[in-house]
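Here's a quick briefing on how side chains pair up in this model. Have a look at the structure first, then go through the points below.

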Amino acid sequence: MADSDNAVLPVEKKELHVPDYNEVVKVLQDGLKANFSEVSVGVVDCPDLTKEPFTLAAPGLCGRPRMADIGGVPYLMPLVQRHKKYNFQDIAEKIELPGAFLIGAGAGPLHVVGTNSEMMTNINLNNGDNSTYTCKMHTEDENSYILEKGLSLDCSLLANIYASDGKPGKVIEVKASTRTGPENFVTCMRKALKEKYGDKPVGMGGTFIIEKGKAKIHIMPDFSEVPLDSNEKVDQWLKFFDMKAILVCLSVFISHDPGLDLRVEHTHCFNKHDGGGGHYHYDVTPDDVVYHGYFVPSEYMYRIDAPTETHMIGRD
Ligand SMILES: [Zn+2]
(Lines give C-alpha, C1' and ligand atoms only; values in the text may rest on other atoms or scores of the structure.)
Protein backbone atom coordinates (compact mmCIF):
# COMPACT_ATOMS: atom_id res chain seq x y z
CA MET A 1 0.00 0.00 0.00
CA ALA A 2 1.31 3.46 -0.84
CA ASP A 3 1.36 6.00 2.00
CA SER A 4 -1.33 8.03 0.30
CA ASP A 5 -3.70 5.08 0.51
CA ASN A 6 -3.94 5.70 4.27
CA ALA A 7 -6.32 8.51 3.40
CA VAL A 8 -8.95 5.92 2.55
CA LEU A 9 -8.47 3.64 5.56
CA PRO A 10 -11.88 2.67 6.90
CA VAL A 11 -12.58 3.97 10.41
CA GLU A 12 -15.41 3.10 12.77
CA LYS A 13 -15.88 5.14 15.96
CA LYS A 14 -17.77 4.04 19.08
CA GLU A 15 -18.42 5.94 22.28
CA LEU A 16 -17.29 4.04 25.38
CA HIS A 17 -18.79 3.98 28.85
CA VAL A 18 -16.75 6.21 31.20
CA PRO A 19 -17.65 5.32 34.78
CA ASP A 20 -17.03 7.45 37.84
CA TYR A 21 -13.35 7.09 38.77
CA ASN A 22 -14.12 6.22 42.38
CA GLU A 23 -16.36 3.40 41.20
CA VAL A 24 -13.57 2.08 38.92
CA VAL A 25 -11.22 2.20 41.90
CA LYS A 26 -13.52 -0.09 43.89
CA VAL A 27 -14.04 -2.50 40.96
CA LEU A 28 -10.29 -2.82 40.32
CA GLN A 29 -9.47 -3.07 44.01
CA ASP A 30 -11.93 -5.94 44.49
CA GLY A 31 -10.95 -7.70 41.25
CA LEU A 32 -7.21 -7.53 41.91
CA LYS A 33 -7.65 -8.59 45.52
CA ALA A 34 -8.88 -11.97 44.29
CA ASN A 35 -5.58 -12.45 42.43
CA PHE A 36 -2.91 -10.60 44.44
CA SER A 37 -2.24 -10.55 48.19
CA GLU A 38 -1.46 -6.82 48.37
CA VAL A 39 -3.51 -4.34 46.35
CA SER A 40 -3.89 -0.57 46.50
CA VAL A 41 -5.98 1.44 43.99
CA GLY A 42 -6.80 5.14 44.13
CA VAL A 43 -7.31 8.37 42.21
CA VAL A 44 -4.16 10.51 42.12
CA ASP A 45 -2.54 13.32 40.16
CA CYS A 46 -0.52 11.72 37.38
CA PRO A 47 3.19 11.82 38.20
CA ASP A 48 5.58 13.17 35.54
CA LEU A 49 5.84 10.13 33.27
CA THR A 50 8.75 11.61 31.32
CA LYS A 51 10.89 10.80 34.40
CA GLU A 52 12.51 7.48 35.31
CA PRO A 53 11.51 4.74 35.38
CA PHE A 54 8.69 5.43 32.87
CA THR A 55 10.55 7.71 30.41
CA LEU A 56 7.43 8.32 28.32
CA ALA A 57 7.23 10.98 25.60
CA ALA A 58 4.68 13.13 27.48
CA PRO A 59 4.24 13.97 31.18
CA GLY A 60 0.65 12.77 31.64
CA LEU A 61 -2.10 10.49 30.31
CA CYS A 62 -4.89 13.06 30.38
CA GLY A 63 -6.86 15.17 27.90
CA ARG A 64 -9.36 13.74 25.39
CA PRO A 65 -8.53 10.05 26.15
CA ARG A 66 -9.28 7.56 23.39
CA MET A 67 -8.09 4.27 22.01
CA ALA A 68 -7.53 2.74 18.60
CA ASP A 69 -7.43 -0.83 17.33
CA ILE A 70 -5.55 -0.70 14.03
CA GLY A 71 -5.31 -3.54 11.49
CA GLY A 72 -5.27 -6.92 13.18
CA VAL A 73 -3.78 -10.35 13.69
CA PRO A 74 -5.50 -11.63 10.48
CA TYR A 75 -2.96 -9.50 8.54
CA LEU A 76 -0.13 -11.42 10.27
CA MET A 77 -1.47 -14.95 10.01
CA PRO A 78 -2.10 -17.54 8.63
CA LEU A 79 0.29 -15.78 6.20
CA VAL A 80 1.61 -12.22 6.39
CA GLN A 81 0.21 -9.40 4.25
CA ARG A 82 3.45 -7.44 3.94
CA HIS A 83 1.88 -4.35 2.38
CA LYS A 84 -0.13 -3.53 5.52
CA LYS A 85 1.48 -0.49 7.15
CA TYR A 86 0.28 2.57 9.05
CA ASN A 87 1.70 5.98 9.95
CA PHE A 88 1.03 7.40 13.41
CA GLN A 89 0.66 10.98 12.19
CA ASP A 90 -2.06 9.68 9.92
CA ILE A 91 -3.58 7.61 12.74
CA ALA A 92 -3.70 10.75 14.93
CA GLU A 93 -5.76 12.45 12.22
CA LYS A 94 -8.05 9.43 11.97
CA ILE A 95 -8.71 9.51 15.74
CA GLU A 96 -9.38 13.26 15.59
CA LEU A 97 -6.41 14.15 17.78
CA PRO A 98 -3.56 15.66 15.72
CA GLY A 99 -0.59 16.25 18.01
CA ALA A 100 -1.61 13.27 20.17
CA PHE A 101 0.52 11.45 22.69
CA LEU A 102 0.34 7.79 21.63
CA ILE A 103 1.36 4.71 23.60
CA GLY A 104 0.68 1.05 23.06
CA ALA A 105 1.54 -2.28 21.49
CA GLY A 106 1.97 -3.27 17.86
CA ALA A 107 4.12 -4.77 15.14
CA GLY A 108 7.23 -2.77 14.19
CA PRO A 109 7.56 -1.28 10.70
CA LEU A 110 8.80 -4.07 8.42
CA HIS A 111 10.03 -1.61 5.76
CA VAL A 112 12.26 0.14 8.34
CA VAL A 113 13.34 -2.64 10.75
CA GLY A 114 13.93 -5.06 7.88
CA THR A 115 12.10 -7.92 9.55
CA ASN A 116 9.11 -8.64 11.74
CA SER A 117 9.41 -7.06 15.22
CA GLU A 118 7.62 -6.02 18.39
CA MET A 119 6.81 -2.33 18.84
CA MET A 120 6.43 -0.39 22.08
CA THR A 121 4.80 2.80 20.77
CA ASN A 122 5.70 5.98 22.70
CA ILE A 123 5.22 9.08 20.55
CA ASN A 124 4.45 12.71 21.36
CA LEU A 125 3.40 14.25 18.04
CA ASN A 126 3.04 17.64 19.70
CA ASN A 127 6.77 18.08 20.39
CA GLY A 128 8.12 15.48 17.95
CA ASP A 129 9.50 13.12 20.62
CA ASN A 130 9.50 9.58 19.21
CA SER A 131 10.72 7.32 22.02
CA THR A 132 9.19 4.20 20.46
CA TYR A 133 11.18 1.00 20.92
CA THR A 134 11.21 -1.93 18.53
CA CYS A 135 12.65 -5.33 19.42
CA LYS A 136 13.62 -7.88 16.78
CA MET A 137 15.31 -11.27 16.87
CA HIS A 138 19.00 -11.47 16.05
CA THR A 139 19.31 -13.04 12.59
CA GLU A 140 22.31 -15.21 13.54
CA ASP A 141 21.41 -16.15 17.11
CA GLU A 142 17.91 -17.35 17.95
CA ASN A 143 18.51 -16.76 21.66
CA SER A 144 19.25 -13.05 21.39
CA TYR A 145 17.39 -9.95 20.35
CA ILE A 146 18.02 -6.31 19.48
CA LEU A 147 16.18 -3.32 20.99
CA GLU A 148 16.19 -0.11 18.94
CA LYS A 149 14.73 3.33 19.66
CA GLY A 150 12.99 5.99 17.58
CA LEU A 151 13.37 4.42 14.15
CA SER A 152 10.12 5.52 12.56
CA LEU A 153 6.60 6.90 12.95
CA ASP A 154 5.24 3.86 11.10
CA CYS A 155 4.10 0.41 12.12
CA SER A 156 3.10 -2.73 10.24
CA LEU A 157 0.08 -5.02 10.38
CA LEU A 158 -1.52 -4.17 13.73
CA ALA A 159 -1.43 -1.88 16.75
CA ASN A 160 -3.45 -1.20 19.88
CA ILE A 161 -3.04 2.39 20.97
CA TYR A 162 -4.06 4.67 23.83
CA ALA A 163 -4.04 8.34 22.84
CA SER A 164 -4.49 11.58 24.77
CA ASP A 165 -3.19 15.15 24.94
CA GLY A 166 -0.44 13.83 27.25
CA LYS A 167 -1.33 16.32 29.95
CA PRO A 168 -1.17 16.03 33.74
CA GLY A 169 -4.44 15.33 35.54
CA LYS A 170 -6.36 12.77 37.55
CA VAL A 171 -5.50 9.13 36.86
CA ILE A 172 -6.18 5.79 38.49
CA GLU A 173 -3.13 4.46 40.30
CA VAL A 174 -2.91 0.69 40.71
CA LYS A 175 -0.43 -1.20 42.87
CA ALA A 176 -0.49 -4.99 43.19
CA SER A 177 2.08 -7.43 44.48
CA THR A 178 2.49 -11.12 45.33
CA ARG A 179 0.24 -12.89 42.85
CA THR A 180 -1.93 -15.58 44.41
CA GLY A 181 -4.29 -16.32 41.48
CA PRO A 182 -3.95 -17.51 37.87
CA GLU A 183 -4.72 -14.24 36.03
CA ASN A 184 -2.12 -11.81 34.74
CA PHE A 185 -2.29 -8.21 35.97
CA VAL A 186 -4.12 -6.82 32.92
CA THR A 187 -6.55 -9.71 32.38
CA CYS A 188 -7.53 -9.49 36.04
CA MET A 189 -8.46 -5.80 35.69
CA ARG A 190 -10.24 -6.37 32.36
CA LYS A 191 -12.36 -9.22 33.75
CA ALA A 192 -13.25 -7.20 36.87
CA LEU A 193 -14.56 -4.40 34.63
CA LYS A 194 -16.45 -6.91 32.46
CA GLU A 195 -18.13 -8.41 35.52
CA LYS A 196 -19.26 -4.99 36.76
CA TYR A 197 -20.21 -3.30 33.49
CA GLY A 198 -21.35 -6.23 31.31
CA ASP A 199 -21.93 -5.12 27.71
CA LYS A 200 -21.16 -1.45 28.44
CA PRO A 201 -17.61 -1.23 27.07
CA VAL A 202 -15.05 0.33 29.43
CA GLY A 203 -11.70 0.92 27.73
CA MET A 204 -8.54 1.65 29.68
CA GLY A 205 -5.13 2.78 28.58
CA GLY A 206 -1.98 3.53 30.48
CA THR A 207 1.36 2.37 31.68
CA PHE A 208 2.70 0.18 34.44
CA ILE A 209 6.03 -0.90 35.77
CA ILE A 210 6.95 -4.43 36.76
CA GLU A 211 9.22 -3.30 39.58
CA LYS A 212 10.36 -6.71 40.78
CA GLY A 213 10.36 -10.19 39.32
CA LYS A 214 10.36 -11.54 35.78
CA ALA A 215 7.74 -11.77 33.05
CA LYS A 216 7.13 -14.15 30.16
CA ILE A 217 7.55 -12.08 26.99
CA HIS A 218 7.35 -13.07 23.34
CA ILE A 219 9.14 -11.61 20.35
CA MET A 220 7.86 -12.36 16.87
CA PRO A 221 10.62 -13.78 14.64
CA ASP A 222 10.62 -13.28 10.88
CA PHE A 223 7.33 -14.19 9.19
CA SER A 224 6.39 -17.84 8.97
CA GLU A 225 6.59 -19.49 5.55
CA VAL A 226 4.09 -22.10 6.63
CA PRO A 227 0.53 -20.98 7.44
CA LEU A 228 -0.04 -20.33 11.16
CA ASP A 229 -3.56 -21.71 11.39
CA SER A 230 -3.75 -22.76 15.06
CA ASN A 231 -2.68 -21.34 18.43
CA GLU A 232 -0.30 -24.33 18.80
CA LYS A 233 1.52 -23.41 15.58
CA VAL A 234 1.66 -19.77 16.69
CA ASP A 235 3.26 -20.77 20.00
CA GLN A 236 5.84 -22.89 18.18
CA TRP A 237 6.68 -19.98 15.89
CA LEU A 238 6.99 -17.26 18.58
CA LYS A 239 10.18 -16.81 20.62
CA PHE A 240 9.57 -16.74 24.37
CA PHE A 241 11.85 -15.21 27.00
CA ASP A 242 11.73 -14.51 30.73
CA MET A 243 12.70 -10.84 30.98
CA LYS A 244 13.51 -9.24 34.29
CA ALA A 245 12.45 -6.03 36.00
CA ILE A 246 12.44 -3.18 35.62
CA LEU A 247 9.98 -3.54 32.74
CA VAL A 248 8.07 -0.50 31.49
CA CYS A 249 4.72 -1.70 30.09
CA LEU A 250 2.36 0.12 27.71
CA SER A 251 -1.12 -1.28 27.94
CA VAL A 252 -4.56 -1.04 26.36
CA PHE A 253 -7.58 -3.11 27.37
CA ILE A 254 -11.35 -3.03 26.98
CA SER A 255 -13.97 -4.84 29.05
CA HIS A 256 -16.32 -5.67 26.17
CA ASP A 257 -16.06 -5.74 22.37
CA PRO A 258 -19.04 -3.79 20.99
CA GLY A 259 -18.96 -5.66 17.68
CA LEU A 260 -15.73 -4.14 16.30
CA ASP A 261 -13.63 -7.34 16.12
CA LEU A 262 -11.24 -6.00 18.76
CA ARG A 263 -8.17 -7.36 20.45
CA VAL A 264 -9.51 -6.87 24.01
CA GLU A 265 -6.11 -6.51 25.67
CA HIS A 266 -2.61 -5.85 24.43
CA THR A 267 0.45 -4.98 26.47
CA HIS A 268 4.05 -4.54 25.33
CA CYS A 269 7.02 -3.71 27.54
CA PHE A 270 10.69 -2.83 27.41
CA ASN A 271 13.75 -2.95 29.63
CA LYS A 272 16.11 -0.39 28.15
CA HIS A 273 18.91 -1.26 30.60
CA ASP A 274 18.98 -4.92 29.56
CA GLY A 275 18.11 -4.10 25.95
CA GLY A 276 14.96 -6.16 25.48
CA GLY A 277 11.24 -5.90 25.04
CA GLY A 278 8.14 -7.47 23.57
CA HIS A 279 4.66 -8.81 24.25
CA TYR A 280 3.67 -9.31 27.90
CA HIS A 281 1.96 -12.61 28.80
CA TYR A 282 2.27 -12.89 32.62
CA ASP A 283 4.83 -12.74 35.39
CA VAL A 284 6.75 -15.95 36.15
CA THR A 285 7.67 -14.88 39.69
CA PRO A 286 4.32 -14.67 41.50
CA ASP A 287 5.88 -14.55 44.99
CA ASP A 288 8.14 -11.62 44.17
CA VAL A 289 6.26 -9.64 41.55
CA VAL A 290 5.39 -5.97 42.09
CA TYR A 291 3.17 -4.04 39.66
CA HIS A 292 2.66 -0.26 39.79
CA GLY A 293 0.74 1.63 37.13
CA TYR A 294 -1.48 4.51 36.02
CA PHE A 295 -4.59 4.23 33.85
CA VAL A 296 -7.33 6.39 32.35
CA PRO A 297 -10.75 5.31 30.99
CA SER A 298 -11.13 6.18 27.30
CA GLU A 299 -14.03 8.12 25.84
CA TYR A 300 -13.91 6.55 22.37
CA MET A 301 -12.71 3.49 20.51
CA TYR A 302 -11.66 3.87 16.87
CA ARG A 303 -11.49 0.72 14.75
CA ILE A 304 -9.17 1.39 11.83
CA ASP A 305 -8.74 -0.85 8.77
CA ALA A 306 -10.40 -3.87 10.35
CA PRO A 307 -9.73 -7.09 8.39
CA THR A 308 -12.76 -8.19 6.41
CA GLU A 309 -11.77 -11.83 6.79
CA THR A 310 -11.13 -12.46 10.45
CA HIS A 311 -10.37 -15.23 12.98
CA MET A 312 -9.54 -15.55 16.66
CA ILE A 313 -6.13 -17.25 16.39
CA GLY A 314 -3.11 -15.59 18.04
CA ARG A 315 -4.91 -12.94 20.09
CA ASP A 316 -3.53 -13.83 23.57
ZN1 LIG B 1 1.82 -8.01 21.04
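**Charges and rings**

Lys216 lies over the face of Phe240, at 4.6 Å from the ring centre. For a charge to count as sitting over a ring, NZ of Lys or CZ of Arg has to be within 6 Å of the ring centre and within 35 degrees of the ring normal. Keep in mind that this is a predicted model, where local features need pLDDT of at least 70, side-chain atom pairs count only at pLDDT 80 or more, and totals for chains, interfaces and linings use all residues. Residues are numbered from 1 along each chain as its sequence is written, and side-chain values use heavy atoms, with hydrogens and water left out.

**Another charge over a ring**

- Lys84 has its charged end over the ring of Tyr75, 4.6 Å from the centre.

**Salt bridges**

- The count comes to 17 salt bridges, each being a side-chain nitrogen of Lys or Arg within 4 Å of a carboxyl oxygen of Asp or Glu.
- Lys272 bridges to Glu52, with the closest N and O atoms 2.9 Å apart. Lys272 is in the loop between β16 (265-271) and β17 (276-283) and Glu52 in the loop between β2 (36-45) and β3 (66-71), so this pair ties together parts 220 residues apart in sequence. (Strands are DSSP runs of E, at least two residues; helices are runs of H or I, at least four; both are numbered from the N terminus.)
- Glu52 counts as exposed, at 53% relative accessibility, while Lys272 is partly exposed at 29%. The cut-offs are under 20% relative accessible area for buried, over 50% for exposed, and partly exposed in between (1.4 Å probe, protein chains only).
- Asp48 and Lys51 make a salt bridge too, their closest N and O atoms being 3.1 Å apart.

**Aromatic pairs**

- There are 14 aromatic pairs. Rings of Phe, Tyr and Trp (its six-membered ring) pair if their centres lie within 6.5 Å; planes under 30 degrees apart are stacked, over 60 edge-to-face, and the rest tilted.
- Tyr145 and Phe241 are edge-to-face, because their ring centres are 4.8 Å apart and their planes stand at 75°. Tyr145 is in strand β9 and Phe241 in strand β14 (residues 239-244), 96 residues apart.
- Phe185 and Tyr291 are stacked, at 4.4 Å centre to centre with 5° between the planes. Phe185 is in helix α4 (residues 185-197) and Tyr291 in strand β18 (residues 290-297), so the pair ties together parts 106 residues apart in sequence.
- Phe185 is buried at 0% relative accessibility, and Tyr291 is buried at 0%.
- One aromatic cluster includes Phe185, Tyr291, Phe36 and Phe295.
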